[in-house]
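Let's walk through this structure together, one neighbourhood at a time. Keep the viewer open as you read.

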Amino acid sequence: MPESFSPELFSEETRNRIRELQKEGPVSSNAIAEAMLEDVDFVGAGGRVVVARVEGGGGKLAAVSRKEVSPEEAVTVYYNQALLRMLFPDNFPEIYASYGKSKGKGVSVNFREEIIGRAFTKQEAQKLHTDNLVKEPMVIKSEEHPFSKVIRAMKEINIPIVFDRNERNYMVGPSDEEYFVDTINFRDWTEEHKNSWLDYMRDKGCSQVEMDRASRYINRIITVNQKVIPTAKIRETQVFA
């Protein structure tokens, strides 16, 4: 069940800091991200997001963007992740909900599954992205679920999804799963891409129900990014499956 966004998902100290900032005027997502750096539930920070555990969230993380995210971007991130998880559930954490900011309202944040493990080393990340992945997958830790299978699959399907090579974006999970823990904002889906993706799913034995769901997800991304429907129809600050 996706999260319903609420300030209560932040710790009390971050909520108090937000209230202080609100006295001075509208609060940006970056200001909230900066406040979370001192949060008791702080997990980590990168160039784009600050991450903290959800208050009483049972293994869920809140990743607040330093740069505002539009509702269209939030939709795109959410459904890209859902599509990748359909094929590779052991390589991508779940995103429960994704929010953008519209007309000064909302917070640019997504709520995601926490992966317990360790980050890749720089050498492991470099090894993962070698070009010689044609004959066999490159194994970092997982024989069964190496992330190189994902990279090879994108080439096979001819989907130009790019996975950032920074080692901080990859983790070895509790059972040696190889996870990509950043988000994917691939917005250039086409009907040709969709057909190729569905053909790949069919070849892998996915059910018609799964393929129909994937088709809806891809259509949603295409529609949102072509602005076929007014922005106001995108639920403005949130997206749920």
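Start at Trp197, which touches Leu83, Leu84, Leu87, Met154, Ile157, Ile159, Trp189, Ala214 and Ile218, leaving aside residues up to four places away in sequence. Contact here means heavy atoms within 4.5 Å. This is a predicted model, in which local features need pLDDT of at least 70 and side-chain atom pairs count only at pLDDT 80 or more, while totals for chains, interfaces and linings use all residues. Residues are numbered from 1 along each chain as its sequence is written, and side-chain values use heavy atoms, with hydrogens and water left out.

Trp197 is among the residues with the most contacts inside the largest nonpolar core, which has 43 residues. Such a core is a set of buried Ala, Val, Leu, Ile, Met, Phe, Trp, Tyr and Cys residues joined through side-chain atoms within 4.5 Å; buried means under 20% relative accessible area, exposed over 50%, and partly exposed in between (1.4 Å probe, protein chains only). Helices H3 (71-87), H5 (148-157), H6 (191-203) and H7 (208-226) and strand S7 (170-172) each supply at least two residues of this core. H3 gives the largest share, 9 residues. Helices (H or I, at least four residues) and strands (E, at least two) are DSSP runs, numbered from the N terminus. A second, separate core of 18 residues includes Leu9, Met36, Val50 and Ala52.

Back in helix H6 you will also find His193. With a relative accessible area of 14%, His193 is buried, and it touches Asn158, Ile159, Pro160, Phe186 and Asp188, again not counting residues up to four places away in sequence.

Finally, look at strand S4 (residues 95-99), where 5 of 5 residues are buried. S4 pairs with strand S5 (residues 109-113) in the antiparallel sense over 4 bridges; pairing requires at least two DSSP bridges between the strands.
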